[in-house]
Amino acid sequence: MKHNKYVKLMSRTFGLWLLVLFSMQVNAYSYSEAGKEPLIEGREALMGALLTNDNPKALSVLEGLNPELVELENEMSIKVVGSLNEAVKKGDRSAVIHLMNKVFAEEIKRRLNSAEANINDYQKSKILVAKSKRFLDTIIVELDDDEADTAAQSIKRCLKALGNPGVFGAGAVPADLEQFKKSKQTLFSALSSFE
């Protein structure tokens, strides 16, 4: 009788331990914080409106992007809001693409700088690099082949330089700050055509 109680207790303890283990692994590798990207979604809506010559809609989309654009201007010391408004009012799709590419390049720089500052926080830095990659994937087709290849390889190296926390420390790889900085600068150089 005592043996059966012991077996039940051990089964429950083991089951609880497995549940905790599973929860920790899910949290360690979750990308759920990646969420929406107003600039990426806004760019698509803006281009769609300009393609159909719907300037009122394009201006409305741009107005919705203003908080993100103003924040980017303040943090990265660039000026794009006025130029974007003028380009959209004129229906100058080519100028809008050029300016949005510049916005995305600056957004990549801002997020990778933040990832570098938080390199010892694996989850935060990994999300920042992953979000940077989303922006890069949108504008990489605008680069020439060599720049595109350099940019794609550099973002992969940034991600690898973050290391890996492993599972309960097993298989952990420490972050490599110098490699991250080097890869980030190479990527920034590849994006210089958007300045």
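Guide: One definition to start with: contact means heavy atoms within 4.5 Å. Keep in mind, too, that this is a predicted model.

Visitor: Thanks! Which residues does E37 touch, not counting residues up to four places away in sequence?
Guide: E37 touches R111, K131, R134 and F135. You will find E37 in the loop between α1 and α2.

Visitor: Why is E37 called buried?
Guide: Buried means under 20% relative accessible area. E37 has a relative accessible area of 3%, so E37 is buried.

Visitor: And N53, why is that one called exposed?
Guide: The word exposed needs a relative accessible area over 50%. N53 has 67%, so N53 counts as exposed. Its place is the loop between α2 and α3. The phi of N53 is near 55 degrees, a positive value in a residue other than glycine.

Visitor: What makes F168 exposed?
Guide: The cut-off is again over 50%, and F168 has a relative accessible area of 58%, so F168 is exposed. F168 lies in the loop between α7 and α8. It is not a glycine, yet F168 has a positive phi of about 55 degrees.

Visitor: Why is Q179 called partly exposed?
Guide: Partly exposed is the range between the buried limit of 20% and the exposed limit of 50%. The relative accessible area of Q179 is 29%, so Q179 is partly exposed. Q179 sits in helix α8. Leaving aside neighbours within four places in sequence, Q179 is in contact with R157 and A161. The C-alpha atoms of Q179 and R157 are separated by 7.7 Å, and these two residues are 22 residues apart along the chain.

Visitor: Why is α5 described as roughly antiparallel to α8?
Guide: The axes of α5 and α8 come within 11 Å and cross at roughly 175 degrees. That angle is over 145, so α5 is roughly antiparallel to α8. Among the residues of α5 that meet α8 are I108, L112 and E116; on the α8 side, F180 and F188 are included. The residues of this contact divide into seven nonpolar, one polar and four charged.

Visitor: Which residues have the most contacts inside the largest nonpolar core?
Guide: They are L69, V96, F180 and L191, in a core of 50 residues. Its largest share, ten residues, comes from α5. Leaving aside neighbours within four places in sequence, L191 is in contact with A105, I108, L136, I139 and L143.

Visitor: Where is confidence lowest, and where is it highest?
Guide: Helix α1 is lowest, at a mean pLDDT of 49, and helix α8 is highest, at 98. Over residues 14-33, pLDDT stays under 50. For the chain, the mean is 87, and 83% of residues reach 70 or more.

Definitions and conventions. Residues are numbered from 1 along each chain as its sequence is written. This is a predicted model: local features need pLDDT of at least 70, side-chain atom pairs count only at pLDDT 80 or more; totals for chains, interfaces and linings use all residues. Side-chain values use heavy atoms; hydrogens and water are left out. pLDDT is the predictor's confidence in each residue, from 0 to 100. Helices (H or I, at least four residues) and strands (E, at least two) are DSSP runs, numbered from the N terminus. A nonpolar core is a set of buried Ala, Val, Leu, Ile, Met, Phe, Trp, Tyr and Cys residues joined through side-chain atoms within 4.5 Å. Buried means under 20% relative accessible area, exposed over 50%, partly exposed in between (1.4 Å probe, protein chains only). Axes are lines fitted to C-alpha atoms, for helices over the stretch in contact, and angles run from 0 to 180 degrees between N-to-C directions. Angles under 35 degrees count as roughly parallel, over 145 as roughly antiparallel, 65 to 115 as roughly perpendicular and the rest as oblique. Ala, Val, Leu, Ile, Met, Phe, Trp, Tyr, Cys and Pro count as nonpolar, Asp, Glu, Lys and Arg as charged, and the others, Gly among them, as polar.
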